[in-house]
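Here is a short tour of one protein model, written for someone new to reading structures. Have a look at the sequence and the 3D view first, then read on.

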Amino acid sequence: MPFLYPCLDSLSLLRRQPLFSRYSSQVAKRGLVTASTTHESEAPTASRSEPRSDTLLDSAATDYGRTIFQDKAEVTISSGSGGHGCISFLREKYIEMGPANGGDGGTGGNIYIQAVRGETSLHKLARRRLIRAGRGRNGQGKGKGGQRGEDVLLQVPVGTVIREISRHDPVAEEEKRQSVAAEASDGQPEETKGTWRRDKWILYPSSAPSDYANSEFPSLPKPRRSNLFMSQPPAPIYLDFSEPMESPILLAAGAVGGLGNPHFLTRSTPRPKFATKGEAGMSVTLEMELKLLADVGFVGMPNAGKSTLLRALSRSRARVGEWAFTTLQPNIGTMVLDDSRGRPQVQNFKASGEPRTQVSIADIPGLIEGAHLDKGLGLGFLRHVERAQVLAFVVDLSVGDPVEALQSLWHELAQFEKIRNMETNQRSERIVTWRPLGETQPLIQREQDDASVVEESGTAKLPELPNAPISTKPWFVVATKADLPGTEENFARLQGYIHGLNERSVEHPSGQQNAWRERLAVIPVSAVRNEGVERIPEWTVGLLKD
Ligand SMILES: Nc1nc2c(ncn2[C@@H]2O[C@H](COP(=O)(O)OP(=O)(O)OP(=O)(O)O)[C@@H](O)[C@H]2O)c(=O)[nH]1
Ligand SMILES: [Mg+2]
């Protein structure tokens with residue numbers, strides 16, 4: 001019997017037992033088992049009764065939550081083209097050759113954009129390089145207009161900045177072409193009668209070329225735009241979504257549809273056998289950049305303990321490891337001040353009077369000396385803390401001189417600001433008129449005459465500077481790893497330096513005269529032991545303002 005049914009063999013049952021219990025204890029240790037399953041398993045009670053903070057803060061480097069994150073995207077949006085007009089004639093009983101009744105083409109779909117709270121990354125847009133709205137349907141007989149193209153709604157996270165790189169607008173190009181042709185013929189409108197442009201006209205399907213040999217085409221209607229075009233943002237697009245939006249805004253309006261054949265009814269052509277094609281949709285290439293909007297930004301060297309601190313302050317499961325550059329992309333954690341159960345930990349009100357229930361924190365990859373020269377992971381991640389209201393400098397007490405570490409972090413911040421301002425200047429650079437030797441007319445002036453693009457960008461309003469200088473932000477220092485032996489001396493040194501800053505006896509590490517130094521503090525903590533961190537929410541909230 002046992003050799004036929006090994007499952008009934010009592011020996012094999014016994015052999016399987018330790019394996020199962022080993023598995024269940026591992027699972028219970030990771031905290032992955034729900035209440036009902038742990039009840040049945042033989043997990044040791046000791047691992048279940050461990051305090052939550054210990055398992056979360058001193059976890060293995062492999063135990064972390066992963067989120068897909070992308071903070072840059074370049075997409076081309078293309079609004080829908082219009083449907084073509086229809087060539088049709090009424091045909092009924094006893095009416096063999098009725099009047100023209102072709103409908104107009106439908107308008108193309110629009111592209112809208114909305115900043116919403118739920119989104120945290122641009123990865124969905126980044127992997128779609130081209131986003132098209134639907135095309136308008138063609139007009140139909142019996143005077144039926146074509147159906148509108150489908151609209152597209154892009155949802156981006158709050159904190160996204162959108163810049164236009166290039167644009168292709170067929171209607172604008174056609175308008176320009178016509179105005180150039182009109183100028184060439186001394187203000188007279190371009191003569192298009194008797195000619196036809198293949199890209200503009202639709203001919204009756206079953207007609208032969210001879211049908212059009214003697215017929216005269218009417219003049220081409222002027223390029224048209226949909227009414228919604230007026231509510232499009234002016235070119236070049238520069239949008240900064242720092243607030244969630246209740247309703248989407250229009251980014252690119254769909255093109256209008258073509259005209260059906262009744263539009264071309266004249267005395268000389270009672271049965272027009274032509275209609276116009278719909279206008280082509282415009283396409284705009286946009287660069288999107290996400291600058292996470294957190295209330296507090298952590299700035300520190302690699303391995304300083306930023307992610308551990310984030311785990312101690314919030315329920316974040318940011319990766320922690322004992323090597324440098326564990327964090328490769330920003331983590332956002334939420335520090336809950338009031339969980340609506342009993343008395344809140346810290347009571348604070350916004351300027352609007354509503355209570356502040358949570359504070360968001362951004363933990364970014366570490367900065368090393370020379371990050372502005374692209375050492376380590378570079379300075380790019382600082383854009384996620386540049387909009388934070390408060391900066392927390394996380395300094396490791398167990399390695400090197402904490403004062404030097406703080407100063408070099410400030411140096412890198414200053415370099416970041418310099419590079420950012422340079423980029424802003426480049427973007428808004430004005431056109432300088434330059435006159436080469438021997439030329440009577442300035443070169444740029446000549447360009448302006450025939451290229452309206454140069455004129456437009458020169459006269460466009462400069463966008464407002466969205467950020468205050470970093471040195472004017474409130475900041476404080478968190479001295480981590482205070483549990484390690486021999487860190488008292490380093491802490492005393494750091495405290496002395498901060499005291500000197502408060503007294504204004506030492507220069508501000510940013511080197512700026514008007515830098516913020518109202519209430520500087522250094523908070524010693526041990527994030528792994530969850531000691532001292534309870535001071536951070538209180539101190540942060542005191543610095544936050546609306
Ligand atoms: N003893 C002690 N160790 C700590 C403390 N905080 C963090 N650590 C340890 O320091 C190491 C680095 O911690 P992380 O939180 O990954 O440091 P990080 O600043 O996020 O590092 P990067 O992501 O690489 O920039 C880990 O091994 C932590 O366990 C602390 O307060 N005390
Ligand atoms: Mg980290």
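How many bridges join strand β1 to β10, and do the two run parallel or antiparallel? There are 7 bridges between β1 (residues 72-78) and β10, and the strands run antiparallel.

## Before we dig in

This is a predicted model, where local features need pLDDT of at least 70, side-chain atom pairs count only at pLDDT 80 or more, and totals for chains, interfaces and linings use all residues. Residues are numbered from 1 along each chain as its sequence is written, while chains are lettered from A and ligands numbered from 1 in the order in which they are written.

## The big picture

The protein has 13 helices and 16 strands. Both are DSSP runs numbered from the N terminus: helices are H or I with at least four residues, strands are E with at least two. An automatic or database assignment sets the domain bounds, giving domain 1 (72-290) and domain 2 (296-427 + 466-543). Their centres, taken over C-alpha atoms, are separated by 51 Å.

Of the 546 residues, 33% count as buried. Buried means that 20 or more other C-beta atoms lie within 10 Å of the residue's own; exposed means 12 or fewer, partly exposed is in between, and C-beta atoms are placed from the backbone.

Strands count as paired if DSSP finds at least two bridges between them.

## A three-stranded sheet

Next up is an open sheet of 3 strands, in the order β4-β2-β8 with mixed pairing. Its edges are β4 (152-157) and β8 (249-252), and each has a single partner strand, so one side of each is left without a neighbour in the sheet. From one strand to the next, the twist averages 35 degrees (axes are lines fitted to C-alpha atoms, for helices over the stretch in contact, and angles between N-to-C directions run from 0 to 180 degrees).

Strand β2 (residues 111-116) and β4 run parallel, joined by 6 bridges. Tyr 112 stands opposite Leu 153 in β4.

## Around ligand 1

Which residues come nearest to ligand 1? Of the 24 around it, they are Gly 305, Ser 307, Glu 322, Thr 327 and Gly 366. A residue is near if its C-beta atom, placed from the backbone, lies within 6 Å of the molecule or strand in question.

Helix α8 (residues 306-313) gives the largest share of this shell, 3 residues. In α8, 8 of its 8 residues are buried, including Lys 306 and Arg 311.

## Two loop residues

Is Trp 516 buried or exposed? Trp 516 is buried because 20 other C-beta atoms lie within 10 Å. Trp 516 sits in the loop between α12 (488-503) and β16 (522-524). Thr 472 is 44 residues from Trp 516 in sequence, yet their C-alpha atoms are 4.8 Å apart.

Ser 340, in the loop between β12 (331-336) and β13 (358-363), counts as exposed because it has 7 C-beta neighbours inside 10 Å. Ser 340 and Glu 412 are 72 residues apart along the chain, and 40 Å separate their C-alpha atoms.
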